[in-house]
Amino acid sequence: MKVLVIGGGAREHALCRSLSQDPAVTELHCAPGNAGTAQVATVHPVDQLDGAQVAALAVRLGADLVVVGPEAPLVAGVADAVRAAGVPVFGPSAAAAELEGSKAFAKDVMAAAGVPTARSYVCTTAAEAAEALDAFGAPYVVKDDGLAAGKGVVVTSDREAALAHAAACERVVIEEYLDGPEVSLFAITDGTTVVPLQPAQDFKRALDGDEGPNTGGMGAYSPLPWAPEGLVEEVLETVLQPTVDELRRRGTEFSGLLYAGLALTSRGTRVIEFNARFGDPETQVVLARLRTPLAGVLLASATGTLDQLEPLRWDEGAAVTVVVASEGYPADPRTGDPIEGLAEAEADGTAFVLHAGTKADEDGRVLSAGGRVLSVTATGADLAEARERAYAAVDRISLKGGQHRTDIALKAATA
């Protein structure tokens, strides 16, 4: 099988790494890729938001499967263009990707499907926003209705800050605050059958102790030893399957990766948001534990044959990923600095480094090229061992001004 992965972050490197280990994959390509994906796949320059360009590349390569990683190409209709060219693609249509592209659309689907979620108002004026904030009270939850690369949500007890965020967005969803721990649960679907993966938890705040600004994610771990028994089955029955069924009923079949961000509240499980693609950095730990070869699972989604798939096999151990970010992230990330110690980090075979914002210079040196630079991932018999190995690998890496959280999976590993 020839596979083309679209995207250039750590999520795409994680996908490429897993696909490169699949015996069924004879050729692996990534566009535009990064310095890490270049080690396991042939990289190609491409405008990942240009469906015609991506489809032409897939046809030229003779790809048997295209895997679209990020949300922006999906919302832009890249998967539609690839399908129209006759190439199987893992990723929803632009219409179905509105589940992530518009928070208001997602709320409408959830209401129709009877999916438990926070009560909310859609607001387009300052007066509507003020009224909604007062209706729910603090802490205030204000979400940009459109795509914001994981940074469109403000949770604050400062009413003025909440109003300012609302004013900076064209349209916002303001909703009640959901208490309790958060869980990310991915599911692969072909529009009818839904196959859940293992749950993970990520860390959105920049600093230890969940302090500092929201980010795209500073680390993740799986499994969740504290999660209630039967959580995956419950979410499949009350959230994932009803959502997929409702979209199919509307004639907007969703095939690809359905990501449910969940809050385990005092009143039961509630959906915080949906995403239409693998999450980053949770993908890094979920795929590290997946033992079933990945290509066949993604192809079954793309070709409507998930009901014929054998049950997924999982490593019984744990995985932890720690994000190394550049100086100034998330506000003003510094780029262009050399990264040292990558080979040393992987030397003992217990950890591996997934590249997020990197590029190679003319001399072959790896340089930082984004805010989140690396996802250092390790597996172990349990969370404590995986965590110890991940941080040992992080300590071997040198990046000027680089920053990372020191408490990823700490509570879960020591509970």
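Buried, on this tour, means under 20% relative accessible area, exposed means over 50%, and partly exposed lies in between (1.4 Å probe, protein chains only). The model is predicted, so local features need pLDDT of at least 70 and side-chain atom pairs count only at pLDDT 80 or more, while totals for chains, interfaces and linings use all residues. Residues are numbered from 1 along each chain as its sequence is written, and side-chain values use heavy atoms, with hydrogens and water left out.

**Stop one: a tilted ring pair**

Select phenylalanine 203 and tyrosine 221; both are buried.

**Stop two: another ring pair**

Now pick phenylalanine 90 and phenylalanine 278. Rings of Phe, Tyr and Trp (its six-membered ring) pair if their centres lie within 6.5 Å; planes under 30 degrees apart count as stacked, over 60 as edge-to-face and the rest as tilted. By this rule there are five aromatic pairs. Phenylalanine 90 and phenylalanine 278 make a tilted one, at 6.0 Å centre to centre with 35° between the planes. Phenylalanine 90 sits in strand β5 (residues 89-90) and phenylalanine 278 in the loop between β17 (268-275) and α10, so this pair ties together parts 188 residues apart in sequence. Helices (H or I, at least four residues) and strands (E, at least two) are DSSP runs, numbered from the N terminus. Phenylalanine 90 counts as buried at 2% relative accessibility, and phenylalanine 278 does so at 3%.

Back at the first stop, the ring centres of phenylalanine 203 and tyrosine 221 are 6.1 Å apart with planes at 45°, so that pair is tilted.

**Stop three: two helices**

Show helix α1 (residues 10-20) and helix α10 (residues 282-289), whose axes come within 8 Å and cross at roughly 15°. Axes are lines fitted to C-alpha atoms, for helices over the stretch in contact, and angles run from 0 to 180 degrees between N-to-C directions. Angles under 35 degrees count as roughly parallel, over 145 as roughly antiparallel, 65 to 115 as roughly perpendicular and the rest as oblique. Helices α1 and α10 are therefore roughly parallel to each other.

For the contact (heavy atoms within 4.5 Å), select Ala10, Arg11, Ala14, Leu15 and Ser18 in α1, which meet Thr283, Gln284 and Leu287 in α10.

**Last stop: histidine 13**

Histidine 13 is also in helix α1, and counts as buried at 4% relative accessibility. Leaving aside residues up to four places away in sequence, histidine 13 touches Gly36, Thr37, Val40, Val353, Leu354 and His355.
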